Amino acid sequence: MKEFGKQLKMIRINKGIYQKSLYYGLSSRQYGRKLEIGESIPNFFLFLDILNRLDISTDEFLYILNDYSYNQKENMRYQISLAYNNKNHKLLLNIYNDMPDSLDERNFFLKCLTHILYVDLTGLY
C-alpha cells in the first residue's frame, strides 16, 4: 500500500499538481495525504477519478507501479498487439506456437486471441 501512495505522490509532483488541486471535490486534502503516505487506499471509483485528474490510464499507473516494466502476461499482450498492429503474421504464429497447451483460463484466452488475430491477417485457419 505504501508503494501505491508513493507512486501516486511522485506522479502528482512530477505533473506539478498540488494536493489541494488534485483532491478538490473528490476527497479531503487530509485523505489525499493519507493515500500518498500509504495509510489508506481509495475505492475503485475514487482511484479512477484521481487518475483522470492526473491524466494517466490505469495501465500507465500499473506500469509505473511495477517499476516501469510489464509482468509476464502484460508483456505477452503487448507482444501480441505489436505483432498484429504491424501485420506481422509470422510473429503471431511464433507467439501462438510458443504458448503451452496447458494454460490457465486467462492465458488460454490470450492463445485464442492470438489465433484469431493470425486468422484475421492471413485468412488461414
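Helices here are DSSP runs of H or I with at least four residues, strands are E runs of at least two, and both are numbered from the N terminus. Before I go on, this is a predicted model, where local features need pLDDT of at least 70, side-chain atom pairs count only at pLDDT 80 or more, and totals for chains, interfaces and linings use all residues. Residues are numbered from 1 along each chain as its sequence is written, and side-chain values use heavy atoms, with hydrogens and water left out.

Back to Gln19. Is Gln19 buried or exposed? Gln19 is buried, with a relative accessible area of 15%. Buried means under 20% relative accessible area, exposed means over 50%, and partly exposed lies in between, with a 1.4 Å probe and protein chains only. Leaving aside residues up to four places away in sequence, Gln19 touches Arg12, Arg29, Gly32, Arg33 and Glu36. A contact means heavy atoms within 4.5 Å.

Now the whole chain. Along its principal axes, the C-alpha trace spans about 60 × 25 × 25 Å. Buried residues make up 28% of the 125 residues. Among contacts with a separation of 6 or more, 54% come from residues 24 or more positions apart.

Next, a helix pair. Two packed helices are described by the angle between their axes and the distance between the axes. Helix 7 (residues 89-98) and helix 8 (residues 105-122) pack at an angle of about 155°, with their axes 9 Å apart. The axes are lines fitted to C-alpha atoms, for helices over the stretch in contact, and angles run from 0 to 180 degrees between N-to-C directions. Helix 7 and helix 8 are therefore roughly antiparallel to each other; that label needs an angle over 145 degrees, while under 35 is roughly parallel, 65 to 115 roughly perpendicular and the rest oblique.

Which residues meet there? From helix 7 we have His89, Leu92, Leu93, Ile95 and Tyr96, and they meet Lys111, Thr114, His115, Leu117, Tyr118, Leu121 and Thr122 in helix 8.

In the loop between helix 7 and helix 8 sits Met99. Met99 counts as buried, at 8% relative accessibility. Beyond residues up to four places away in sequence, Met99 touches Met76, Ile80, Leu110, Lys111 and Thr114. Met99 and Lys34 are 65 residues apart in sequence and 43 Å apart in space, C-alpha to C-alpha.

Finally, two loop residues. Most residues other than glycine have a negative phi, and most peptide bonds are trans. Asp55, in the loop between helix 4 (44-54) and helix 5 (58-65), has a positive phi of about 60° although it is not a glycine. Asp55 is exposed, with a relative accessible area of 62%. Asp67 is found in the loop between helix 5 and helix 6 (72-85), and its phi is positive too, at about 55°. Asp67 is exposed, with a relative accessible area of 62%.
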